[in-house]
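Please look through the model below before reading my points.

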Amino acid sequence: MSDDDRYRAPALDKGLDILELLAGIDGGLTQAEIAKHLDRSPNEFYRMLDRLQKRGYVTRIEGDRFALTLKLFGLAQLHAPTRRLVSYATPLMRELAHRTRQANQLAVFDRGQVVVIAQQEAPGYWGISIRVGSHISLFDTGSGHVLLAFSSPERRAMMISENRIDRSKDIPASLANRFQRIREQGYESMPSAQTAGVFNLSAPVIASDGSAIAALTVPYLPLVNVPDAPDMSDCTHMLVETCAVLSDMADTGTKQP
């Protein structure tokens, strides 16, 4: 008998299966649909769904559909290193948005996924916004590229093996060839694979060992109605400056005065 079988906890596995399934579904699922997705009998999930609902992890919507609440997200925000990083980054992100007149977001790698942990809106009346808590691609976003590029080969292999969003488990050759250039110039600059007309400018928040603990990204939009707005080159320079300050703060554990 393997260790995986020896220490099984069927009820816990069932509850986690439900949470992981609902995390990837918009609009919720009925009890029967959950059972179908998990290839089980609907009756097996009645008590588990009842307990998850009473503990605040799921809620009923539209009568008979179950969806995740924000409780798991709230628990994640209590994780001390993430909370501390966000507290350091928030005033710097606000200043960066003001200087560049662009939005920006902070993302980290967590258990196979790139997760947005902080977002700063653009100061103007419109810009690109990504919800805090969103999971974004490892392979075709600036944040993902930076997190991969500023990692050791061993950690990079681990990140790819844990990844659940991107279907491929192999780094595309074109991306692997970019890592050295990203490290040399200190940032990534690439057209958005998700939104036409947007350029992702991403730079790393660096730990003392040279690895990226986070990526700060400006989804750059040309502001044709603001004549004195910084251009993409200026925004990139400001982004790299901000990440250097945040890297020092994160490494020493001290905030700016």
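1. Across the protein chain of this predicted model, pLDDT (the predictor's confidence in each residue, from 0 to 100) averages 84, and 87% of the residues score at least 70. Local features need pLDDT of at least 70 and side-chain atom pairs 80 or more, whereas totals for chains, interfaces and linings use all residues. Residues are numbered from 1 along each chain as its sequence is written, and side-chain values use heavy atoms, without hydrogens and water.

2. Helices (DSSP runs of H or I, at least four residues) and strands (E, at least two) are numbered from the N terminus. Helix α8 (residues 153-162) packs with α7 at an angle of about 140 degrees, their axes being 9 Å apart; axes are lines fitted to C-alpha atoms over the stretch in contact, with angles from 0 to 180 degrees between N-to-C directions. The two helices, α7 and α8, are therefore oblique to each other, as angles under 35 degrees count as roughly parallel, over 145 as roughly antiparallel, 65 to 115 as roughly perpendicular and the rest as oblique.

3. In contact (heavy atoms within 4.5 Å), Leu-147, Leu-148 and Ala-149 of α7 meet Arg-156, Met-159 and Ile-160 of α8.
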